[in-house]
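Open the structure in your viewer and keep the selection tool at hand. The tour moves from stop to stop.

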Amino acid sequence: QFYATTNSLLDEFFPIKTVTLTSTDSDCITPEIKTLLRKKNKLMHRGRQEEADSIAAKVGKLITKQNCKDLAHLDSKTNSFDLWAAVKKVTGKRQITKPLPGINAECLNEHYALVSTDNNYIKPCISANSPIMNDTITAMSVFNMLDRLKPTATGPDNLPSWFLRLSAPIIAEPLAQLINLSIHASQVPSQWKSSCIKPIPKITNPISPSDYRPISITSVLSRIAERMIISQFIYP
């Protein structure tokens, strides 16, 4: 019910817009920049030059910000290989790594599942009759965390961080109740146990699943619940 409500609000007030990014586009071109460029072109065709110029200035700032973000980790101590890799990424001259034909999604899933599985793990019993302590995770603490939420990747539940930050006054209390129920029932919602894994090659020519680095993206709410539990129980 929580996800049905939040997704309906997201679709009602912020409908999805689609934009196509091709391989010929530079790495600094994001969906937001591509959308603004299309809007600028439409305004120029309609003769609204001043509005088009303002959007062009905004696009320039976004491109500069994106390039600075990509080059922020480079300094005088960076080796030449990483330096030229970053330069080629900005200029568009980059080496394309071809995946090995024998490695597919099923093979990678089996490898990551084997690595992350603890054979000695004992699943706790699900308790349905344990008393619920309403002050374990308070709505105010959830609101403060949502209100200070930084831009981060959207997980499989398709709830972006900016929407959670805007809707913090509305969803803080029901989200706190869900976290409390999860703690006292020893059960994690299925939406919070799903993740999107993108394998990134560690070497130029990967030959086995271990040559890929799994970049895992979980739902933002899952990360928030984890931080709340760690701050309330682990750190003390």
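Is Glu 51 buried, partly exposed or exposed? Select Glu 51: it is partly exposed, with a relative accessible area of 36%.

Before the next stop, two notes. This is a predicted model, where local features need pLDDT of at least 70, side-chain atom pairs count only at pLDDT 80 or more, and totals for chains, interfaces and linings use all residues. Residues are numbered from 1 along each chain as its sequence is written, and side-chain values use heavy atoms, with hydrogens and water left out.

**The salt bridge**

The term needs a side-chain nitrogen of Lys or Arg within 4 Å of a carboxyl oxygen of Asp or Glu. The structure holds one such bridge. Arg 48 counts as partly exposed, at 36% relative accessibility.

**The positive patch**

Now select Lys 17, Arg 38, Lys 39, Lys 42, Arg 46 and Lys 58. Together they make a surface patch of positive charge. Patch residues have over 30% relative accessible area and no salt bridge; like charges are joined within 9 Å, nonpolar side chains (Val, Leu, Ile, Met, Phe, Trp, Tyr) within 5 Å. Lys and Arg count as positive, Asp and Glu as negative, with His and the chain ends not counted. Each charge is placed at NZ of Lys, CZ of Arg, CG of Asp or CD of Glu.

Colour helix H2 (residues 31-45): it supplies the largest share of the patch, three residues. Helices (H or I, at least four residues) and strands (E, at least two) are DSSP runs, numbered from the N terminus. Lys 17 sits in the loop between helix H1 (2-13) and H2. It counts as exposed, at 73% relative accessibility.

**The nonpolar patch**

Select Phe 13, Phe 14, Trp 162 and Leu 166. They form a nonpolar surface patch with about 430 Å² of accessible area together. Areas come from the Shrake-Rupley method with a 1.4 Å probe; for residues, only the protein chains shown count as cover. Phe 13 belongs to helix H1 and is exposed at 55%.

**Two positive phi values**

Go to Asn 158, in the loop between helix H6 (139-147) and helix H7 (161-166). Its phi is near 60°, positive in a residue other than glycine. Asn 158 is exposed, at 52%.

Finish at Ser 186, in the loop between helix H8 (168-185) and strand S1 (195-201). Phi of Ser 186 is near 55°, again positive in a non-glycine residue. Ser 186 is partly exposed, at 36%.

Definitions and conventions:
Buried means under 20% relative accessible area, exposed over 50%, partly exposed in between (1.4 Å probe, protein chains only).
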